[in-house]
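This report describes a sheet, a helix and a loop residue in one protein model. The sequence and structure come first.

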Amino acid sequence: MGSISTLAFIGADAPAARAQLACGQAAETSFGLVRPSAPEAIEGAIFDLDGTLLDSMPWWDDLGERYLRSRGKTPKPDIRYHFKRLTMEGSAQYMKETYGLEESIDEICRGVMAGIEFAYRDCIPCKPAAVDMLEALRDAGVRMCVATATRRDCALAALERLGIAHYFSAVFTCTEVGASKTEPTIFNVALNHLETPRGSTLVLEDSLHAIETAHAAGFPVALVDEPANAADTDASMALSDIYLKSFDAFARL
């Protein structure tokens with residue numbers, strides 16, 4: 001097992017940055033920032049998939065709304081909020097109960113996913129420089145896995161097509177662990193798998209609800225910038241130890 005300097009996450013692995021942290025100040029570059037609360041080094045990394053590693057949020061943005069309209073229902077303004085926080089099954093249950101859908105939970109899940117699963121197989125890209133980052137972490141000996149609310153077959157299809165599946169020792173899904181990211185279950189399962197210390201196992205996320213959960217569970221957290229979640233940026237940053245504007249710093253390692 002190896003580790004990587006936390007300051008390397010923002011391209012600031014220099015004496016001046018270390019001095020700022022020692023004085024209780026955040027170290028900041030054009031790539032992001034590291035707060036004094038962050039660990040000095042990272043031994044394990046638990047990656048979210050959508051909006052963190054994959055540039056997939058445009059595909060998810062109105063998926064629930066499109067499905068409801070296809071069933072003759074008018075989506076309420078808060079549908080995206082609920083759809084983002086819940087597992088696929090939880091979202092299906094919510095839509096069934098709230099909108100009086102006649103379909104079973106399984107049928108709703110299949111109907112929703114029919115509008116996006118092709119994108120995982122065929123066209124969703126990595127976020128810029130994500131592969132550079134994964135390469136750097138692997139070379140440093142950091143243990144990595146994925147924790148996602150996305151269905152396993154879709155997640156694996158994208159990871160394998162993009163040639164990055166081999167960086168991860170496991171992929172955990174909310175459906176399989178039986179809880180959404182409003183609960184710490186998936187992060188704890190991932191931690192047990194990695195066998196790295198909680199205090200040096202970084203959770204990388206783009207969504208406020210997942211950041212709230214990981215932070216409350218005692219994990220150091222990195223907020224990965226995602227335009228789709230811009231309204232939550234301030235709240236997410238307040239709970240995060242690291243803020244990554246992009247992964248571009250890793251191209252310099």
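Two strands count as paired if DSSP finds at least two bridges between them. In this predicted model, 8 strands form an open sheet of mixed pairing, in the order β2-β3-β10-β9-β8-β5-β6-β7. The edges are held by β2 (27-29) and β7 (171-173); each has a single partner strand, so one side of each has no neighbour in the sheet. From one strand to the next, the twist averages 20°.

At the β7 edge, β6 (residues 143-148) pairs with β7 in the parallel sense over 3 bridges. V146 stands opposite V171 in β7.

Helix α12 lies across β8 and β9, and runs at about 170° to β9. The loop between β8 and α12 contains S207. With a relative accessibility of 9%, S207 counts as buried, because the cut-off for buried is under 20%. Leaving aside residues up to four places away in sequence, S207 touches K84 and N229.

Helix α5 (residues 88-99) has 12 residues and reaches 16 Å from its first C-alpha to its last, close to the 16 Å expected at 1.5 Å a residue. Its buried residues are M88, S91, A92, Y94, M95 and Y99. They cover an arc of only 160° around the axis, which means that they lie on the same side of α5. The helices that these buried residues pack against are listed below.

| Helix packed against α5 | Residues |
|---|---|
| α2 | 57-60 |
| α3 | 63-70 |
| α4 | 79-85 |
| α6 | 105-113 |

After α5 comes G100, with a positive phi near 65°.

Key. Residues numbered from 1 in each chain as written. Predicted model: local features only at pLDDT ≥ 70, side-chain atom pairs only at ≥ 80, totals over all residues. Heavy atoms only, no water. Helix = DSSP H or I, 4+ residues; strand = E, 2+ residues; numbered from the N terminus. Expected span 1.5 Å × (residues − 1). Buried < 20%, exposed > 50% of the residue type's maximum accessible area, 1.4 Å probe, protein only. Arc of directions from axis to C-beta. Contact = heavy atoms within 4.5 Å. Axes fitted to C-alpha atoms, helices over the stretch in contact; angles between N-to-C directions.
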